[in-house]
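Please keep the structure in view while reading.

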Amino acid sequence: MREDGKITRKQEQDAFREVEKFTFTQKQGNLKAPHFVQYIREQLVKLYGEAVVENGNLSVVTTLDYEIQKNTEDIVFEEIEKIEKFDVGNGAAIVMDPKTGAILAMVGSRDYFDTEHEGNFNAATAHRQPGSALKPIMYATAFEKGYTPATLLMDLKTEFPTNVPGQKTYIPENYDVKYRGPMQIRFTLGNSVNVPAVKMLARVGIKPVMQKAYDMGIENWRPTEENLSNVGLSLVLGGREVTLLEMATAYSVFANKGVKKDAFSIAEVKDRKGKSIYKHKDSKGVKILSEEVAFLISHILLDNNARKEVFGTNSFLNIAGRTVSVKTGTTD
């Protein structure tokens, strides 16, 4: 404006000083389902580019179920409050319909509007170590090769040699630093015992497990030559990062009888004239696991008896009146 002669240089300088003193604020309620909304925007930019998203007056129908979203936001906030004393400061959640792949809710942090603690950052789509959360994929790969829930594994202190010159042998430990001797796979998976899982991975092979995980939706586990050179037997204990959204997609394969449906968040897009320019088409999905293997993994993960040795019979994993398959994953 000053260059066009509309204001003086003094007015220009005064305006800049006012801008420097001004701070923008974000108040709760200004933006609903904020991380999901930002995720939708990212998907639209990939489809149509920044300019069209900014200026195209697009109308978008999403998969969001706002009632589920609000409940999920409350649960994440409340659960983190309960464990703040353990130095837990953030959390995330994804709710997905496994039959369709529709993302029904996405919570990327404890509080999106808490910018002092990076609330804007979406932890649901960021890479994090999964701990033991992906052991079921390894065991599913083993079942496809002929192993069964009754297969016996030895839970004993074991040293695994490495192929790297000068590197120490790998000695995994169980979460409670106990060893239980002979165990069936149903109980090694149910109790999430580490040593037998590493032994099973050594038998099955790292590459087949990474391939299965990739097929189920874990993009970062694609078994390329480079990726394979950067992983070892600790893979099954969380040695390679994943996103929460990828994990939800992978678990949906178990829930959907072995069929993978790609996660999606946009149902339809219309242009400024109301013409539909994109519509999600439901597909039959891709058969990744046999229905039998998907059932076996799901059944082990819902079997309260199979996990009682580590978790007890009345843990939070056992939900009265509901049949829930569940897997923990712990990382420092």
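Predicted model: local features only at pLDDT ≥ 70, side-chain atom pairs only at ≥ 80, totals over all residues.

Two residues are in contact when they have heavy atoms within 4.5 Å.

The chain contains 12 helices and nine strands. Taken along the principal axes, the box filled by its C-alpha atoms is roughly 85 × 45 × 45 Å. Of the 332 residues in the chain, 39% are buried. The accessible surface of the chain amounts to about 19,600 Å², and carbon and sulfur atoms account for 50% of that area.

Attention may now turn to a single pair of helices. Two packed helices are described by the angle between their axes and by the distance between those axes. Helix α5, formed by residues 135-144, packs against helix α8, formed by residues 206-216, at an angle of about 110°, and their axes lie 9 Å apart. Angles from 65 to 115 degrees count as roughly perpendicular, and α5 is therefore roughly perpendicular to α8. The crossing in which α5 passes α8 is right-handed.

Which residues of α5 and α8 meet? On the α5 side they are Ile137, Met138, Thr141 and Glu144, and on the α8 side they are Pro208, Val209, Lys212, Ala213 and Met216. Sorted by class, the contact of α5 with α8 comprises six nonpolar residues, one polar residue and two charged residues.

Technical notes: Residues numbered from 1 in each chain as written. Heavy atoms only, no water. Axes fitted to C-alpha atoms, helices over the stretch in contact; angles between N-to-C directions. Helix = DSSP H or I, 4+ residues; strand = E, 2+ residues; numbered from the N terminus. Parallel < 35°, antiparallel > 145°, perpendicular 65-115°, else oblique. Left-handed = near helix turned anticlockwise from the far one by under 90°. Nonpolar A, V, L, I, M, F, W, Y, C, P; charged D, E, K, R; others polar. Buried < 20%, exposed > 50% of the residue type's maximum accessible area, 1.4 Å probe, protein only. Areas by Shrake-Rupley, 256 points an atom, 1.4 Å probe, with all protein chains shown as cover.
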